[in-house]
Amino acid sequence: MSYDNIIAEIKSNLTGNKDNDKDYIINQFKVFNSKEIHLELGRLLWDLMSDEEQKEYKKAVIQDIPVDEFIKSVYSYLNYGDFETALKELEDYMEIIPFKFRENPQFDYFYFNNPLEEELFRKYFKTPKELKVIPFGEEYPRVFYLYGVVLMNLSEFDKAESALKKALSYNPVSGEILSTLSALYDGNYDLNNLKKTAVEILKFSYDPREIAKAYRDLGYCYYENKKCNISKALYEQSLNYENHPRAQIELQLINSYLHIDEKDIKKVLNDENIPANINDDILEISMFLALDFEKKNLLNQSLYFYGVLYNLTHDEEVLTKINDLKHRL
């Protein structure tokens with residue numbers, strides 16, 4: 001019997017009595033092994049449930065999904081631009097899942113993507129309570145980040161800012177979260193917060209693209225404030241990390257009426273207390289971690305941090321080390 005005939009027969013046996021029909025459909029799950037039929041049976045069963053039953057069913061399903069799998073599913077909606085579905089999934093998840101790492105009288109909870117972020121946090125931040133690091137694989141704070149991203153794409157800017165700041169409270173050194181906040185401030189023409197956030201990115205980010213964008217954002221802020229010589233220096237500096245069309249276009253515009261020697265760039269930035277170099281702490285910690293993992297023969301982890309170093313410095317000795325480790329894998 002074909003799929004269509006089987007479903008038609010199942011539907012023809014429904015009586016209109018919800019309790020009896022639910023029992024009948026549940027029994028059909030045992031009769032048929034087809035995934036397609038099970039999906040349709042699930043839809044039929046869902047339509048027969050009360051609001052309370054649907055909520056309990058959803059809760060049971062969501063609680064069985066590991067948070068990393070849930071996050072992957074949300075990203076799949078984002079990749080297709082389906083922000084409405086992503087929002088519904090996130091709101092259901094946040095309503096149902098009891099968040100394990102809320103404020104606690106004894107602990108302050110934080111989540112880091114890698115040991116570099118954790119070391120940066122410990123160097124720059126003090127916690128009044130005992131610091132607890134949320135284990136890998138339990139990255140519940142990323143749900144707040146994704147919630148902020150979705151809300152931002154749906155133009156719910158105030159709610160998006162609140163969600164992103166909540167995510168940032170669990171990882172204040174995250175270049176990813178800070179860069180998303182900067183995109184929000186850029187879109188809202190909030191130059192004060194855009195400037196503050198860009199400076200934080202320059203302090204903590206180890207991603208050249210995030211660093212380049214932070215310099216471009218600062219260049220934009222200074223240009224809007226009629227300080228074109230500083231703006232030019234910032235756009236020039238951004239090109240050291242990413243050859244982005246926006247920087248090229250802005251520089252062409254500024255160069256059409258302003259001249260400043262390239263040798264003046266660092267002085268211009270230093271006069272504004274804007275870092276003109278990568279944070280030394282990032283370089284030192286990355287090198288320490290690369291060497292430490294190499295010593296422990298954890299070569300993939302070591303390669304990751306040598307990669308961070310090379311992407312920031314383009315040091316040929318680091319590149320030689322990377323190639324050597326790759327041969328040893």
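Cys228 is buried, its relative accessible area being 15%. In this predicted model, Cys221 also counts as buried, at 3% relative accessibility. Both values fall under the 20% limit that defines a buried residue.

Which cysteine sulfur is closest to that of Cys228? The closest one belongs to Cys221, and the 13 Å between the two sulfurs is too far for a bond. Seen from Cys221, the closest cysteine sulfur is that of Cys228, again at 13 Å and too far for a bond. A disulfide requires a pair of cysteine sulfur atoms within 2.5 Å. A search of the whole structure accordingly returns zero disulfides.

## Secondary structure and overall dimensions

The chain contains 18 helices and two strands. Its radius of gyration is 26 Å, well over the 20 Å that the globule rule gives for 329 residues, so the chain is more spread out than a compact globule. Taken along the principal axes, the box filled by the C-alpha atoms is roughly 85 × 50 × 50 Å.

## Burial, contacts and surface

Of the 329 residues in the chain, 44% count as buried; Cys221 and Cys228 are among the buried residues. Among contacts with a separation of 6 or more, 58% are made by residues 24 or more positions apart.

The accessible surface of the chain amounts to about 18,400 Å². Carbon and sulfur atoms contribute 49% of that surface.

## Charged side chains

How many positive and negative side chains does the chain have? There are 40 positive and 57 negative side chains. The centres of the two sets lie 4 Å apart.

## Loop residues with positive phi

Most residues other than glycine have a negative phi.

The loop holding Ser155 lies between helix H8 (141-153) and helix H9 (157-170).

Asn297 belongs to the loop that lies between helix H16 (280-295) and helix H17 (299-313). Is Asn297 buried or exposed? With a relative accessibility of 53%, Asn297 counts as exposed, because the threshold for an exposed residue is over 50%.

Notes: Residues are numbered from 1 along each chain as its sequence is written. This is a predicted model: local features need pLDDT of at least 70, side-chain atom pairs count only at pLDDT 80 or more; totals for chains, interfaces and linings use all residues. Side-chain values use heavy atoms; hydrogens and water are left out. Helices (H or I, at least four residues) and strands (E, at least two) are DSSP runs, numbered from the N terminus. The radius of gyration is taken over C-alpha atoms; the globule rule is 2.2 Å times the number of residues to the power 0.38. Buried means under 20% relative accessible area, exposed over 50%, partly exposed in between (1.4 Å probe, protein chains only). Contact means heavy atoms within 4.5 Å. Accessible areas come from the Shrake-Rupley method with a 1.4 Å probe; for residues, only the protein chains shown count as cover. Lys and Arg count as positive and Asp and Glu as negative; His and the chain ends are not counted. The place of a charge is taken as NZ of Lys, CZ of Arg, CG of Asp or CD of Glu.
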